[in-house]
Amino acid sequence: MPEPAVAPSGSRAGSPAGRIVWRLRFALLFAVLAVLPYLLSYSQQEIAVLLVINVLLVSSYRLLTLTGEWSLGHVVIMGVGAYASALLAKRLGVPVPFSMLIGGCMAAATAAILSFPLFRMKGFYFLIGSFAAGEIIRLIWKRFTDPFGGPKGLKRIDAFPNIDTGFLSIDFYEPVNYYFLALIIVSISLFILYRIERSRIGLTFHAIHWQDRLAESIGVDTFRYRTLAFVIASFFAGIAGGLYAHYVGTVNPTRFGVDQMVYVLVWAIVGGTATFHGPILGVIVLTVINEIVLRGLGLDTARPLIYGAILILSVLYLPDGLESLGPKLRAWLQRRRRGPATAGGEAA
Amino acid sequence: MNAPGGQPIPDAPILEARGLTRRFGGLVAVDDFSFAVREGAIHGLIGPNGAGKTTTFNVISGFYAPTSGQVLYRGRDISGRKTSALAEMGLVRTFQGSTLFQEFSVLDNVRVGRHLGARAGFLSRLLGTDRGSEAQADASAREALAFFGLEELADEPVSNLPHGHQRMLGMAVALAAEPEVLLLDEPFTGMNPEETRRMMALVRRIRDGGVTVMLVEHDMQAVMNLCDIITVMNFGALLVEGAPDEVRNDPAVIEAYLGSATGNGAGNGAGDAA
Amino acid sequence: MDLLWQTAINAMYAASYMALIAVGLVMIFGVMGVINFAHGELYMAGAYCVVFLYAQEKFPFLVGVAAGLIFVGAIGLLMERGLFRPLRKNPLGGLIASIGFLLILQTLAVFGFGRRMGHVPPPTQGKIEIFGAILTYQRLFVIVAAILLLAALWAFLKRSKFGWALRACAQDAEAASLQGISMNQTARIAMFIGAALAGVAGALTAPLVSPTPYIGHSIIVTAFIIIIVGGIGSLEGAVIAAVLYAFVHTFVTTFFDGVIANIVGLALMFAVLVVRPTGLFGARERA
């Protein structure tokens, strides 16, 4: 780790002028996101919806990695939210927005229960333990046809209810409309995740990651904080699952399998997990590569191969992810501008 | 074993070990070891290499549970409790060398140290209504830095700090947790005489501020000059306990150190005794 | 009673090839400290050597098996040089890179042979009866080959300098290099043997399992369960755990069903992780 990965305190608010620049940037970003779907074809709009959902999935995953533990069960946890929300709506007639929320809570509760065995493990053991726990949950979906639908999963899951108030009518079957719905929910979730990281809770997560014994010695209950990170991350993964289930309309055990987890890992690692925006950058860049380049060139079957190669190359040559390219590039440009004599200490 | 009625007896030791034993497989690292630390004292724990000092220290600070025996803090049995729970009760330890949050700024290290002092609910963290308690945490973190003369370096990344400063910062992080008993793990190891002198003055000031100090140390010179009372361990058990002058001239201590003749502690000890 | 005995014979067969796979995985972990997630795909690659050479090109079955051993061993060397050596300081990175490699091998198999099952005609048709239980020659062959290979490996580790180097590296890589053991050389040999064992297991069982490019998944799950239960880093533990797991899995499959058997296996591993992370037979103590 060449650079300090975090600086939670210093860059909080900045000067008033800096704040205005940031607000302008966000306004611009949202303007682009608002116009974007109208520039896309129908099938691209569908992909945009899934991309927005995946942004939440990978960002929630990053929160878990802040404490230093890498899980292989995160996609299954997303599935818990998806299955729970779908079953609540289908079987019990719970209105869809509420079923999603409850689905998120079920995912969080699953994580809370799993944390007792899992956080007795660390590092590699945690990785394998989370993998085993996830596979067990997945096999339960596969084995118990009632209520989980077995290998074929659940079909005809209730869609998000349409809004019809006379003058305003929104049909969420339309990808554009679901895109905006997902965008709003995901933006709120990201804001909450960001606030958590920037608060003392986030500082404590980082502290546990780098020196859990030292953190423990000054009163941090590392088990409780690891559990907290796991529970929050799982809640938002569950919300992502609910968004997915009620959009696509079907869920099945294969959809939440290890290969899907590999994609989340690829997004996070290629993007870089040191910053909040790293994994988001990763999922966007790789989805664009995937959809435009691979599908466009008809290389769809080569997708896992290319993902695998990207994963290997980024572990070998870009261990801090795409996010580190920006600062590196900026530093390199500045060095060129100032000449080689005054290198060092700039950028960040 | 507790004081009758749960009331601490006045003048009772603040920290006490009774018949402490810790085994690792067949190896007995600490063997039926007892000692008592008086409130407001600077208490040294020394012994030749492999005497079981570090294990004792790790048992007291909750890293290992004792195989048998008890650790008492203000008369309460605390053996086997988690380190974080002990910190909450006021028993805070430091680490050898530069165990710090190397990736953080100097100030953030001490801010983490304020963990117990800056409590706030989850929602207020989210909504930013913890600003008041965080501002206080910030202020007291800066105070702790000032105490160690590090306030100028608050925004530096820790990895830029020279070794001596990192040691000071380690103390500052522990002190930010507002301990009643501070356990120092080899605070002088690797320091030059000037740094050692400054560190000794700081430890005295910490004690004068009302914190009981217990330290494990190799550097005999520093221990002799600093501590009010010294416990000497050998082969996992108590050898001698007493004031520095008594310990210095005790034949058993001299023999233990000469017999093992390892490390700078032994050298200094022997020199002292001669 | 007949069913019990027959199931036990079936479990013997499962244990034999599972042990080959798990021992290879443990060897790789022992030297490099990396869990090779692509181990299931090495098995798959071995199976496709037989699909290609024996089923498609009509070479003798044993030629396919030998090719599986050598070809997959060579893939192992490639992985050591290209992935695990540059990432030696970064075990998590090594693991992630092996996940990337897994995807590459899978896709290459799809390109070469399609997504569907490769059909491999059985090289032998006969079977023997042991006290009423039926054992096909093909399964018997796998059992015998596995025992011979493991015995050869055991002898090699006991007799050769490599066995000593392997143990030294597994205990403390730095100390080993101070004793003049070449880390690179040891890692190369371990990686070759580990990969070749997985490849040979795939080649031997190819006529019995009808391989697909995605068969590696169930293999790696099985291998994980075995090495965790056996105590990661313990070769003997891996063999014992392979036998144990094969019996549990085969019996539960026979008397309940395959998915329940997988759940039981994973739950077993999970329980070991919680209660005794060093494994049931792991000798190494943690400080």
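This is a predicted model: local features need pLDDT of at least 70, side-chain atom pairs count only at pLDDT 80 or more; totals for chains, interfaces and linings use all residues.
Local features require pLDDT of at least 70 and side-chain atom pairs pLDDT 80 or more, while totals for chains, interfaces and linings use all residues. Residues are numbered from 1 along each chain as its sequence is written, and chains are lettered from A in the order in which they are written.

**View 1. Helix H13 of chain A packs against helix H4 of chain C.** Residues in contact (C-beta atoms, placed from the backbone, within 7 Å) include A:Tyr307 and A:Leu311 of H13(A) and C:Phe101 and C:Ile104 of H4(C).

**View 2. Chain A meets chain B.** In this contact, 28 residues of chain A face 31 residues of chain B. On the chain A side, helices H7 (175-198), H8 (200-210) and H9 (212-217) each supply at least two residues. H8(A) gives the largest share, six residues.

**View 3. Domain 1 and domain 2 of chain A touch.** The domain assignment, automatic or from a database, gives domain 1 as 40-256 and domain 2 as 259-348. Their C-alpha centres lie 24 Å apart. Domain 1 contributes 17 residues to the contact and domain 2 contributes 14 residues. Within the domain 1 side, the largest share, ten residues, comes from H2(A).

Key: Axes are lines fitted to C-alpha atoms, for helices over the stretch in contact, and angles run from 0 to 180 degrees between N-to-C directions. Helices (H or I, at least four residues) and strands (E, at least two) are DSSP runs, numbered from the N terminus. Two residues are in contact if their C-beta atoms, placed from the backbone, lie within 7 Å.
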